[in-house]
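Please take a moment with the sequence and the model before reading on.

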Amino acid sequence: GLIFYDTKVTVMNRVLNATVQRTADHAAPEITLDPLEIVGGEIRSAENSYFCQAARQLACVPSSQLCVKLASGGDPTYAFNIRFTGEEVHGTSGSFRHFLWQVCKELQSSSLSLLLLCPSSAVNKNKGKYILTPSPITYAEEQLFHFFGQLLGIAIRADVPLPLDLLPSFWKTLVGEPLDPDVDLQEADILTYNYVKKFENINDETELEALCAEIASQHLATESPDCPNKPCCKFTYLTMTGEDVELCPRGRHIPVGWENKDVYAAAIRSLRMRELQTPECMTAVRAGLGSIIPLQLLTTLTPLEMELRTCGLPYINLEFLKAHTMYQVGLMETDHHIEFFWSALETFTQEELCKFIKFACNQERIPFTCPCKDGGPDTAHVPPYPMKIAPPDGAAG
């Protein structure tokens, strides 16, 4: 927290350029994606998604081949080139950025099961924010999490912000910061947070009985074995993926009473914290990320800075865009139609601006800061900035 973000970025860029492993005399790995395979909306199988098509083809490419210098100049070097079956694309930038955009859409849809909408989303808190799906993983899923980590690193080297909306707890765990059992639980699952708080704040047995009755009315509790008419909770709880699990050995047979209510509340809290940390998934993500960028860099970044470096800001700053726009020969910022252009963009909503950026640059977000402002040897011109505005092709009209 004692180092300015710009300083960290300069150091990071220097390290990334010093750890390049693919030199100019090596051809970039190339993958072929078939856009027709993903037609069919949500019902298609995960294997056909761009994400899985790419993961399969890049699995046999050594990660050293994906460690390229920071994207800079008019035709930047990217980790790999993409060819779309049956489509002619000029240059490598457009298809690469379109691929990253499409993959983020897939990750945040029901076609892939790596990310899960956070439970708070259901009650309009942190709407649309995702976490890693907390469940035991197969070897195949571990490979996909590894590839997800690689993509985070690839996007950092390419300076293309990923349109991913992940909860702060993801970035905290990624950079190795401990989670806060209060704040992070509330962010991720406000209903469970409130449920736990109710048990922690009970003053006497009558209140406990009333609470159990309230829970029983929501079908979460069963009757007490001692007094058949008295509802009680057992040491079980639903996981984020909707599975009913025991909070301790033989938990289904242990009723919650006055003497163990705090143990019950603590057990639910620790279940959720384990799910938020998802050690198996996060280990795979970090291993993937570490194969593209040195993980030691993460020790200097706060979770928010890591998010900004990887995903940029979820909104478009027009002033930033103006400052990074180039006008080709014969055009000036003061030309009438250029002024009209900017004043038209000023009337756009954020959603429309994202669509404009997607149309103009094939990505939805713009970088948070532009290292090109310093102009030193370890700074990069951030593609696709500056945005270029050119005169019309036709001579007349």
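**A walk through the predicted model**

Arg 250 counts as exposed, because its relative accessibility is 55%, where exposed means over 50% relative accessible area, buried under 20% and partly exposed in between, with a 1.4 Å probe and protein chains only. Arg 250 sits in the loop between β8 and α9, and its phi is near 60°, a positive value in a residue other than glycine. Most residues other than glycine have a negative phi. Asn 126 also has a positive phi, near 50°, and is found in the loop between β3 (115-117) and β4 (130-132). Helices (H or I, at least four residues) and strands (E, at least two) are DSSP runs numbered from the N terminus.

Two points about the source should be kept in mind. This is a predicted model, in which local features need pLDDT of at least 70 and side-chain atom pairs count only at pLDDT 80 or more, while totals for chains, interfaces and linings use all residues. Residues are numbered from 1 along each chain as its sequence is written, and side-chain values use heavy atoms, with hydrogens and water left out.

The loop between β8 (244-246) and α9 (261-277) also holds Asn 260, which counts as buried because its relative accessibility is 14%. Leaving aside residues up to four places away in sequence, Asn 260 touches Phe 235, Ile 254 and Pro 255, a contact being heavy atoms within 4.5 Å. Thr 206, by comparison, belongs to helix α8 (residues 205-217) and is exposed, with a relative accessible area of 59%. Between Thr 206 and Trp 258 there are 52 residues in sequence and 9.6 Å in space, C-alpha to C-alpha. Lys 69, in the loop between α2 and β2, is partly exposed, since its relative accessibility is 41%. Lys 69 is 52 residues from Asn 17 in sequence, yet their C-alpha atoms are 4.9 Å apart. Not counting residues up to four places away in sequence, the residues that Lys 69 touches are Asn 17, Val 20, Thr 77 and Arg 157.

Helix α2 (residues 50-58) is mostly covered, with seven of its nine residues buried, namely Tyr 50, Phe 51, Cys 52, Gln 53, Ala 54, Ala 55 and Leu 58. What do these buried residues of α2 pack against? They pack against β1 (30-33), β2 (81-84), α3 (93-107) and α4 (139-158).

The pairing of α2 with α4 can be followed in detail. Their axes come within 10 Å and cross at roughly 95°, where axes are lines fitted to C-alpha atoms, for helices over the stretch in contact, and angles run from 0 to 180 degrees between N-to-C directions. The two helices, α2 and α4, are therefore roughly perpendicular to each other, a term for angles of 65 to 115 degrees, with those under 35 counted as roughly parallel, those over 145 as roughly antiparallel and the rest as oblique. Phe 51, Cys 52, Ala 54, Ala 55 and Leu 58 of α2 make this contact with Leu 144, Phe 147, Phe 148 and Leu 151 of α4. The contact residues of α2 with α4 divide into nine nonpolar, no polar and no charged.

For the protein chain as a whole, the secondary structure comes to 14 helices and ten strands, and 48% of the 397 residues count as buried.

Technical notes. Ala, Val, Leu, Ile, Met, Phe, Trp, Tyr, Cys and Pro count as nonpolar, Asp, Glu, Lys and Arg as charged, and the others, Gly among them, as polar.
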